[in-house]
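Here is a short briefing to read alongside the model. Have the sequence and the coordinates open as you go.

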Amino acid sequence: MAEYLMPEKKQEIFAKYGKSNKDTGSPESQVALFSYRIAHLTKKNKKDVVTRRSLLRLVGKRRQILDYLQEVDIERYRKIVKELGLRR
């Protein structure tokens, strides 16, 4: 496992954005975790093709979850976008 993403950090993210620290399935907690990982990967080597590919996959997954959340509950969508400072 990556050293930047220890279980304690994951639980902290889930507790802040999910319903509890064990809430790994809610869209809000998943988007928050993906955002944290994306922020970490953007600081890595810019010419690393594998890192770039995984970064693009994470951005796509986050976008899919946000689109789903927007369809299901627009208020939850707006709240998570505002909390994480995402554009749109």
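With which side chain does the side chain of S35 make a polar contact? The partner is the side chain of R62, at 3.0 Å; a polar contact here is a pair of N or O atoms within 3.5 Å, where within protein one must be able to donate a hydrogen and the other to accept it, and residues adjacent in sequence count only if both atoms are side-chain atoms. Please keep in mind that this is a predicted model, in which local features need pLDDT of at least 70, side-chain atom pairs count only at pLDDT 80 or more, and totals for chains, interfaces and linings use all residues. Residues are numbered from 1 along each chain as its sequence is written, and side-chain values use heavy atoms, with hydrogens and water left out.

- S35 is found in helix α2, residues 27–41; helices are DSSP runs (H or I, at least four residues) numbered from the N terminus.
- S35 counts as buried because its relative accessibility is 13%; buried means under 20% relative accessible area, exposed over 50%, and partly exposed in between (1.4 Å probe, protein chains only).
- Leaving aside residues up to four places away in sequence, S35 touches R62, L84 and L86, with contact meaning heavy atoms within 4.5 Å.
- H40 is also found in α2, and at 23% relative accessibility H40 counts as partly exposed.

**Helix α1**
- I13, F14 and Y17 are buried in α1, which spans residues 7–17.
- Seen down the axis of α1, these buried residues fall within an arc of 95 degrees, so they line one face of the helix; the arc is that of the directions from the helix axis to the C-beta atoms.
- E8 and K16 are exposed on the other side of α1, while the buried residues of α1 pack against α2 and α4.

**Helix α4**
- Y77, I80 and V81 are buried in α4.
- Down the axis of α4, its buried residues fall within an arc of 100 degrees and so line one face of the helix.
- On the other side of α4, E75, K79 and K82 are exposed.
- The buried residues of α4 pack against α1, α2 and α3.

**α3 against α4**
- The axes of α3 (residues 49–72) and α4 (residues 74–84) come within 6 Å and cross at roughly 140 degrees.
- The contact involves R63, L66, L69, Q70 and V72 of α3 and I74, R76, Y77, I80 and V81 of α4.

Key: Axes fitted to C-alpha atoms, helices over the stretch in contact; angles between N-to-C directions. Helix = DSSP H or I, 4+ residues; strand = E, 2+ residues; numbered from the N terminus.
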